[in-house]
Amino acid sequence: MLTKRFVLIVLAAAFFGGGTGSIRAQDAGALLDLLVKKKIITDQEAEEVRAELTKEVSTTSAGKWKLSTPITELELYGDIRLRYQYNGGRTADGTPVGAPGPGVAGVHDWQERERERYRLRLGLRGTLADDWFFGIRLETSASERSGNVTFGDDSSPSSPGGGGPFAKGNDGINVGQAYLGYKGFKDITLTGGKMPNPLVTTLMLWDPDINPEGLAEQWKHTFNFTFGGGESEAAPTYSKEGGKEVVAKQATGEPFKLKIDVFANFAQFVYDDSNPENPLGQRALVSSSAGSATQQNGQLIPHTDAFLLAWQVGARFTFPKNIYAQIAPTIYNYTGNGDTFNIHYQGGDPTLTNSASLAQNQTGINSLLVFDMPWEIGWKLGEIPMRLFGDFAVNLEADDRAAAAGHPGKGDQRYAYQIGAGIGQLKVKHDWQIDVWYQHSDQYALDPNLVDDDIFDGRLNMHGIGVRAGYALSDAVIFSLSYNYGWRADDALGTGGTPIAIGINPIDQYQWFVADLNIRF
Amino acid sequence: MKTKLATIIALTFVSAEAHADRLVIKGSDTLGAKLVPQLAEQFKSQHPGTTFDIAAEGSTTGIAAIIDGTAEIGMSSRRAKSSEVGAASAKGRNMKPTIVAYDGIAVIVNAKNPIKNLTRKQVEQIFTGDVTDWSAVGGAGGKISVYTRNTSSGTYSDFKELAMKKRDYAGSSQKMAGNEQIAAEVGRNPNGAGYVGMAYTKAGGVKVMSIDGATPSIKSVQDHSYPYWRPTFYYTNGEPSGLARQFLDFTISPGGQKIVAQVGFVPIK
């Protein structure tokens, strides 16, 4: 009995002093088995201790969580962010010229917004028996490109739920991610659902808030190479260890080690579901208002789903002394049209009034075959991480896209590129990081529905600079400031893309500033 | 009048005495199908007037009976789960386990099956469905028919933990109510594979596999060299008292353990 009490005290102190109860109890089980094997305690005593520990665990918070047996690992994670945000966009100095008024933007007139916002993301991801995994994430805001909720913007009586100060009409919780996958094949990860972006990307092409929907297949294999170096033959030097003479081996030098991660990512995203595929009676036609300037009036609305297909291959080379380089060339192809994105992209027109320019199609995905090549090179200066990064993209069908937009001579507006530099990193308390970059996106280069809306309001035909600086107040709390300033690239064209914050097209100049306090857990 | 009153009082005492000598035991089929009834018979011969109410419907029902207070002893061939212990605590009950015997879960195949030994990996593959044909584990060929216990069985969950790394049984597996049913089905089916407690390995037409060279025996279970050994329990609400105490003491006494060995279980000493 004394033995059992002693064992119980020791185990209780060891396993309830910290850590997760259920896991610690399993550890205790292994220890009890060992004590029985060593004949320090009997099986019966071990069972009594085990029962006491199980009882203790069952009364802890962790012990009250009941997880299904197939779950082998579960992680709760998320973040809460408070943000001050400024957006400003300036009208052009060409046509339309006129005093500011309804539907007519003035010359060099700034539209500005200031908002205080928050974002909550709460996720669960876990692994299951037999190499399956899953993840879900709940997010505020239903927008595909933002999780932000603006304070005080649902106070109008017409807001959902009746509005009023501090109303909850815009504080919805939405499913941001819901996916499952399988890792049972060597080096291969298969994922299906609404998932974190499986592709290597940059802000130039993909808003990081977007969680694409569909299927993804990822393959990654690591090759390790060692060149030269190593140990020499027994050298004629001796030393004494434990009273015996031993031969001290002498290294000729550090071997050169190279690690190459080769990867391939393939994705089949359902971009737009056509509903129904086979309607009763005659199929609907493109209305005159929707396709007025695209020569699509009266056309049958497509009845096929639209898919975004991605093929990406790449490699990351890791050299000694924390030097690395990564490149990930990718082809994006669009098939089908869907019933939402079938109108040809136009992207605005500086010769029209602002409202007419905005009314042009900003979301069409016609004639997009985009080759993209994100890259990054990194090294350490002393203990400080440094990196150069960038992206280059070209739409191989830009001639057709420009022609369909009514600008057949603008097929050369097909390129997008980004180049930047970063220093520091944000991992633990007191870490800091600064990134600076330049970005240029032609009007017919990219899919305007995917680009990061933080940069240039999610518009194309813009170029400019961005800077982001962050500091870790603690391991979990990051304070950061971000700013970007952009200019219209081609004055003969609009700035295509759905207005996110600024209702102007073309945007002649644009600036954006945010101050974020982000808590990660 | 006095005689009548005395009779009523006497009958009342008799009735109370009879109620006090009734022991309700619920739980494990492994323990309750053979061992505990034989222990009860022996105990009754030493304690005339004692009656037993034994229900052997799986370990889960035995543990639930202790939580609900519907039995004095809960037979179990597995340990109580954390959730069960928590539920008992919430009701002010204290799940106390007492090891009454050891058991080895024997993997059985049809007697005509030429295979004599399986590795632990092969056992896992067979019962999870990773392997579906006997030829994949050195047999003569034929689609493997897997027989398991039902989900309320302690043996069902013990075998998952001991032999299958907690993986799920093959979707095609057939769930049987008890050890005897599994032994009977495997004895009839040349491609059958199942598992039973050691006490049920004498059934006709079945053959016990050695696992990585170890066969289930008193010695291999007591020294824990057989991989699928396990303790079996009586669960009580704290320290038992009265008739439950007496029956538990009898079970682990030399006399009780002799019956344990006779039935085919492994004595604790």
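Tutor: The questions below concern a predicted model and proceed from the chains to their domains, contacts and cores.

Student: How many helices and strands does chain B have, and how many does chain A have?
Tutor: Chain B has eleven helices and eleven strands. For chain A, the secondary structure comes to six helices and 22 strands.

Student: Among contacts in chain B with a separation of 6 or more, what percentage is accounted for by residues 24 or more positions apart?
Tutor: A contact requires C-beta atoms within 7 Å. In chain A, considering contacts between residues at least 6 apart in sequence, 65% join residues at least 24 apart. For chain B, the contacts with a separation of 6 or more include a share from residues 24 or more positions apart of 73%.

Student: What is the mean pLDDT of chain A, and over which residues is the pLDDT below 50?
Tutor: The mean pLDDT of chain A is 87, and 87% of its residues reach 70 or more. Over residues 16–23 of chain A the value is below 50, and this stretch has eleven contacts in the model beyond near neighbours in sequence. The pLDDT is also below 50, with 19 contacts beyond near neighbours in sequence, over residues 231–251 of chain A.

Student: How far apart are the centres of the two domains of chain A?
Tutor: Chain A is divided into domain 1, covering 2–64, and domain 2, covering 71–233 + 257–520. Taken over C-alpha atoms, the centres of domain 1 and domain 2 of chain A are separated by 51 Å.

Student: What span does helix H3 of chain A reach from its first C-alpha to its last?
Tutor: Helix H3 of chain A runs over residues 43–59 and has 17 residues. Its buried residues include Glu45(A), Val49(A), Leu53(A) and Val57(A). At 1.5 Å a residue the expected span of H3(A) is 24 Å, and the model is close to this, reaching 24 Å.

Student: How far apart are the C-alpha centres of the two domains of chain B?
Tutor: Chain B is divided into domain 1 (2–102 + 231–263) and domain 2 (104–222). Its C-alpha atoms fill a box of roughly 85 × 40 × 30 Å along the principal axes. The C-alpha centres of domain 1 and domain 2 of chain B lie apart by 30 Å.

Student: Which element supplies the largest share of the side of domain 1 of chain B that touches domain 2 of chain B?
Tutor: In this contact, 16 residues of domain 1 of chain B meet 14 residues of domain 2 of chain B. Helix H2 (29–32) and H4 of chain B each supply at least two residues of the domain 1 side. The largest share of that side, three residues, comes from H4(B).

Student: Which element of chain B gives the largest share of the side that touches chain A?
Tutor: The contact takes 14 residues from chain B and 17 residues from chain A. On the chain B side, helix H5 (82–90) and strand S4 (95–110) each supply at least two residues. By class, this side has six nonpolar, four polar and four charged residues. Its largest share, five residues, comes from H5(B).

Student: Which element gives the most to the largest nonpolar core?
Tutor: The largest nonpolar core has 68 residues, and Leu35(B), Ile108(B) and Phe265(B) have the most contacts inside it. This core draws at least three residues from each of domain 1 and domain 2 of chain B. The most, nine residues, is given by S4(B).

Student: Why does Ala71(B) count as buried?
Tutor: Ala71(B) lies in the loop between helix H4 (59–68) and strand S3 (73–76) of chain B. Not counting residues up to four places away in sequence, Ala71(B) touches Val24(B), Ile25(B), Lys26(B), Ala65(B) and Ile66(B). The threshold for burial is 20 or more other C-beta atoms within 10 Å. Ala71(B) counts as buried because its C-beta neighbours inside 10 Å number 26.

Conventions. Residues numbered from 1 in each chain as written. Chains lettered and ligands numbered in written order. Predicted model: local features only at pLDDT ≥ 70, side-chain atom pairs only at ≥ 80, totals over all residues. Helix = DSSP H or I, 4+ residues; strand = E, 2+ residues; numbered from the N terminus. Contact = placed C-beta atoms within 7 Å. Nonpolar A, V, L, I, M, F, W, Y, C, P; charged D, E, K, R; others polar. Domains from an automatic or database assignment. Buried ≥ 20, exposed ≤ 12 C-beta atoms within 10 Å, placed from the backbone. Core = buried A, V, L, I, M, F, W, Y, C linked by C-beta atoms within 7 Å. Expected span 1.5 Å × (residues − 1). pLDDT = per-residue confidence, 0-100.
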